[in-house]
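Student: I would like to go through the aromatic rings here and check each label against its cut-off.

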Amino acid sequence: MQMKTLFKVSAVACALALVGCGGDIKIEPTVNDNSVDNSTNNSNNTTNGGNTDQVECASYESAAGTVEGTFDGKDCLYNDSFASKNISITSNITFDELPDGGIHVFEDALLIGEDGNTAEGFVVPTNGPTMTVKPGATLAFKSGEAILRIARGAKIQAVGTADKPVTFTSAFAYDRHDLEGKGAEFADWGGIIINGNGLTNHCTNAQRAANTCSQPFEGVTTYFGGNDNSDGSGNIKFAKIWYAGSGPKIGGEPGEDLNSLTLNAVGSGSSFDYIHIHQGYDDGIEFFGGAANIKHIVVTDTQDDAIDIDAGWQGNAQFIYVEHGTVTTRSGATAYMGNNGFETDGEQNGGADYSEAPASFPTIANVTVVTTDGKSVRDEKSSQAIKFDDAIKSNYYNVLFVKRENSTNESTCIEFNDPDGLKNAAEIKFNNSVMACAGEFKDANQMPAGMSVENWYDNGGSNIRIAADSDVLAGNGFATNTSSAAITIEANNLADLDTSFFDSVNFVGAVSDQDTSSVWYKWVETAVTAARAD
């Protein structure tokens, strides 16, 4: 088998010189020892098929020359000389599907694009690098410090297919990289952070006018924000993001937790479609401003919120399935996962100085949230469907909330944080939606004067509240039972919304039981089956 060294001749020459290479790259030419059999079965039961062809690991151009991963006979390995929190990759890079179940394995962070603070003179590149992930490729990370970050001006194109999704996961999901035999679990790696040039009410109007809007992201040193909500940071489609997110990074503060997928002021020029997020430490997807759209999203067993909205997000969402459940931890214990299906915050700052980035006001359609009666292992908070806070505004269509029990923790489906969540309560509207919850409202007496919480939700009869044990779900536990006698309202066909994004529908909830042959139905079915078995 012909093995490839870490660098080409130009990089080796620079390494021998030791001086003048520049940057933070630590150049260590690698010689592979193939005397060890690395073909151990992984957790997906894929084995080395005896591949003897030369495998091209990912590479990129740097000031030191061509930097390339090493192939160990099964996987492509990338040490901290290839990628780390001290190396920003500023040229295009591509990750191909590897033969025989091989994966791309990272010891440390993978940072794409040059990052910096525009308030200190940094200029965001207008044509930064693109990271491409081909259908069927798997990127696996070995550290809670390992994030995948896309800087402003850079792009990610991680586009798989229904049959060959791209995967971002823990290296410990593969036996050959799980030397302690502990298995994969939430917080194994840091998750994906995408920084955009969109609007966030972290920044003032004056900062945007001066091109000095640079909001530091919690937990790691990286910056986002600008003045273009149509900005594009690439696309993620047909992708799985598993075991991601983590607590504070080295030097971070308590509460600075990382999500599975963070969209920092990402604009509408990006798209996020057919994604399954599973067993994340913090939130599934969190928005900090911007106007990115999401569609066909499944979030299962995240510890905190499935979808977290903040800082002025103005995007759209359709077909969102959320399921809280339990997982078996490394200690063998059964742990409940999930705080809110949606946590929705309108603004970090308000008033005249922030008027160009008003409070979050998304439009969201065809949602199912299935909660539990447990408390999340992360913070002992109850599982509930949605929470409103910080002057949020929003429109919801065809939503189905399900909570079978609230006997142990007296948890509910809907919560307003008082008083900030009530500031724009009249501009939070549900349409053609169903609530089948044993506990409906956290506080039934907190609405503004002259408005009962029941009347607010019912919205003139557009929505219904029914018994928790109503047969609103089909036998598979995720699709809406469209023949249920308990659902006495018609779905909104969404004809009055933006038809360039929203698909016309005839059912309430995220998935129809009459749609079993569609790509979306099969995507949810596969995701839920995997999550319930994990």
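Tutor: Start with burial: a residue counts as buried under 20% relative accessible area. Keep in mind that this is a predicted model.

Student: Why is Phe 501 called buried?

Tutor: The relative accessible area of Phe 501 is 13%. The cut-off is under 20%, so Phe 501 is buried.

Student: What makes the pair of Phe 501 and Phe 502 edge-to-face?

Tutor: Ring centres must lie within 6.5 Å to pair, and planes over 60 degrees apart count as edge-to-face. The centres of Phe 501 and Phe 502 are 4.9 Å apart and the planes are at 90°, so the pair is edge-to-face. Phe 502 is also buried, with a relative accessible area of 4%.

Student: How many aromatic pairs does this rule give?

Tutor: The count is 30 aromatic pairs. One of them is Phe 141 with Trp 189, at 4.6 Å between centres and 10° between planes. Planes under 30 degrees apart count as stacked, and the pair is stacked.

Student: Where in the chain do Phe 141 and Trp 189 lie?

Tutor: Phe 141 is in strand β10 (residues 138–141), and Trp 189 is in the loop between β13 (166–170) and β14 (191–195). They are 48 residues apart, and the pair links distant parts of the chain.

Student: Are Phe 141 and Trp 189 buried or exposed?

Tutor: Phe 141 has 0% relative accessibility and therefore counts as buried. Trp 189, with a relative accessible area of 0%, is buried too.

Student: Which charged end sits over the ring of Phe 501?

Tutor: That of Lys 295, 4.8 Å from the ring centre. The distance cut-off is within 6 Å.

Technical notes
Residues numbered from 1 in each chain as written. Predicted model: local features only at pLDDT ≥ 70, side-chain atom pairs only at ≥ 80, totals over all residues. Heavy atoms only, no water. Phe/Tyr/Trp six-rings, centres within 6.5 Å; stacked < 30°, edge-to-face > 60°. Helix = DSSP H or I, 4+ residues; strand = E, 2+ residues; numbered from the N terminus. Buried < 20%, exposed > 50% of the residue type's maximum accessible area, 1.4 Å probe, protein only. Lys NZ or Arg CZ within 6 Å of the ring centre and 35° of its normal.
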